[in-house]
Amino acid sequence: MKYTRKYNFAASTSLLIALFSTLATGVFLYFLIETVSLWLLLFFVILFLFSFFVLQHRVEKFIFHRIKKIYKDVRILNEKDFPKPSVTTDMEVLTREVENYVNVKKLEIETLNVRENYRKEFMGNVSHELKTPLFTVQSYILTLLDGAMKDKKVLKEYLRRANKGVERLIYIVKELDMIAKLEVGGLVLNKENFDIITLVQNVFDLLEMKAKKKNISLVFDKEYPSQIVVNADRERVEQVLTNLIVNSLKYGKQDGTTEISIENILKSKVLVRVTDNGEGILKENIQRIFERFYRIDKSGSRKEGGSGLGLSIVKHIVEAHNEKIYIESQFGVGSEFSFTLERGK
């Protein structure tokens, strides 16, 4: 058995017991028979060893059971996580072990609280996003049932509006389904080589009318005379670019600019930047910008539409490609989202 600090208490206590007992026995024998035998030394050794093992065993058992009771009382610690072999009679070591254990559990509890708050916020956001179009559809249908359907003009208009609400519900559910698939790795990527310049131009063409409403210019940072080929899922990358550009248009300034730049980094990577001169994002909001349903605008009006899932989808698609997405923003100046892609061969 290797001697360690945990045996100090039992050893010192046993030594004291053996010394005093041997001394008392020696004095008694001296006055009784006026002689002291060498057997007294053997008595000392045996008593010391006996006391040592008994004390060590009893103290460990005492401490172990007391600690288990404390764990059970506070109900945040699992006695199985504190195995018997780790029990020690070295109180300094014991105190340090318990403090470390409690600190770990406190951190776990704080993490669980953060997750619980996030879950509550997420459920509240889902409820809000689904409730609005549901109530809209319901109100139009109830109005028609109350007699408005007799007017063919009103009937057609209300059915059109109800259909628009249903389409929004379908859109939100589809995006939630996509995020769920991305999170569990259930979305299969069809990677191929394609020209990223051409893809960006196609997205510009699709969003041209939306950009004109605020007179925002969709431009490249420079002229690209030759192709820049990347290897990725073309449809998903188009969705990433569309979501980022739509986001820049929502929060962009009137007569502003959304600029796309593409540059080669390293030998096998391409960096795509989407830069605008819009509202910008406060520093405290940046770390949460990719969360599902998280909105910078906390007002109930939410003047800008959207499901609140766009940036979350962007992040998941980019990460599904094993790539990185970055954000830099200055409030009142503008924002820049950038992401990497693998270069095509």
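How much of the protein do buried residues make up? Buried residues (under 20% relative accessible area, with exposed over 50% and partly exposed in between, using a 1.4 Å probe and protein chains only) make up 34% of the 345 residues. This is a predicted model, where local features need pLDDT of at least 70, side-chain atom pairs count only at pLDDT 80 or more, and totals for chains, interfaces and linings use all residues. Residues are numbered from 1 along each chain as its sequence is written, and side-chain values use heavy atoms, leaving out hydrogens and water.

**The overall plan**
- The protein has nine helices and seven strands, which are DSSP runs numbered from the N terminus (helices are H or I with at least four residues, strands E with at least two).
- Residues 24 or more positions apart account for 71% of the contacts with a separation of 6 or more; a contact means heavy atoms within 4.5 Å.
- The unreviewed UniProt entry annotates residues 7-33 and 39-59 as "transmembrane region"; its positions are given in the numbering used here, feature names are shortened, and annotations may be inferred rather than shown by experiment.
- Residues 39-59 are 100% helix and 0% strand, and their end C-alpha atoms lie 30 Å apart.

**Strands side by side**
- Strand β4 (residues 257-265) runs antiparallel to strand β5 (residues 269-276), and eight bridges join them; two strands pair if DSSP finds at least two bridges between them.
- You can find one of these pairings at Asn264, whose bridge partner in β5 is Val270.
- β4 and β5 form a hairpin with three residues between them, and Leu266 in the turn has a positive phi of about 55°.
- β5 also pairs with strand β7 (residues 334-343), again in the antiparallel sense and over eight bridges.
- Here, Leu271 has Thr340 of β7 as its bridge partner.

**The nonpolar core**
- A nonpolar core is a set of buried Ala, Val, Leu, Ile, Met, Phe, Trp, Tyr and Cys residues joined through side-chain atoms within 4.5 Å.
- The largest such core has 45 residues, of which Ile196, Leu241, Ile245, Ile262, Val272 and Phe339 touch the most other members.
- Helix α7 (residues 234-250) gives the most to this core, with seven residues.
- Leaving aside residues up to four places away in sequence, Ile196 touches Ile228, Val230, Val237, Leu241, Ile262, Val272 and Leu341.

**Helices that meet**
- α7 packs with helix α9 (residues 310-320) at an angle of about 145°, with their axes 9 Å apart; axes are lines fitted to C-alpha atoms, for helices over the stretch in contact, and angles run from 0 to 180 degrees between N-to-C directions.
- Among the residues making this contact are Arg236 and Gln239 of α7, along with Gly310 and Leu311 of α9.
- Several residues of α9 are buried, including Leu311, His316 and Val318.
- Glu175 lies in helix α4 (residues 152-183), and Glu175 counts as buried because its relative accessibility is 7%.
- The C-alpha atoms of Glu175 and Gly310 are separated by 8.3 Å, although these residues are 135 apart along the chain.

**Positive phi values to look for**
- Most residues other than glycine have a negative phi, and most peptide bonds are trans.
- Asn215 has a positive phi of about 55° and lies in the loop between α6 (208-212) and β2 (217-220).
- Asn215 counts as partly exposed because its relative accessibility is 45%.
- Asp255, in the loop between α7 and β4, has a positive phi near 65°.
- Asp255 is exposed, with a relative accessible area of 52%.
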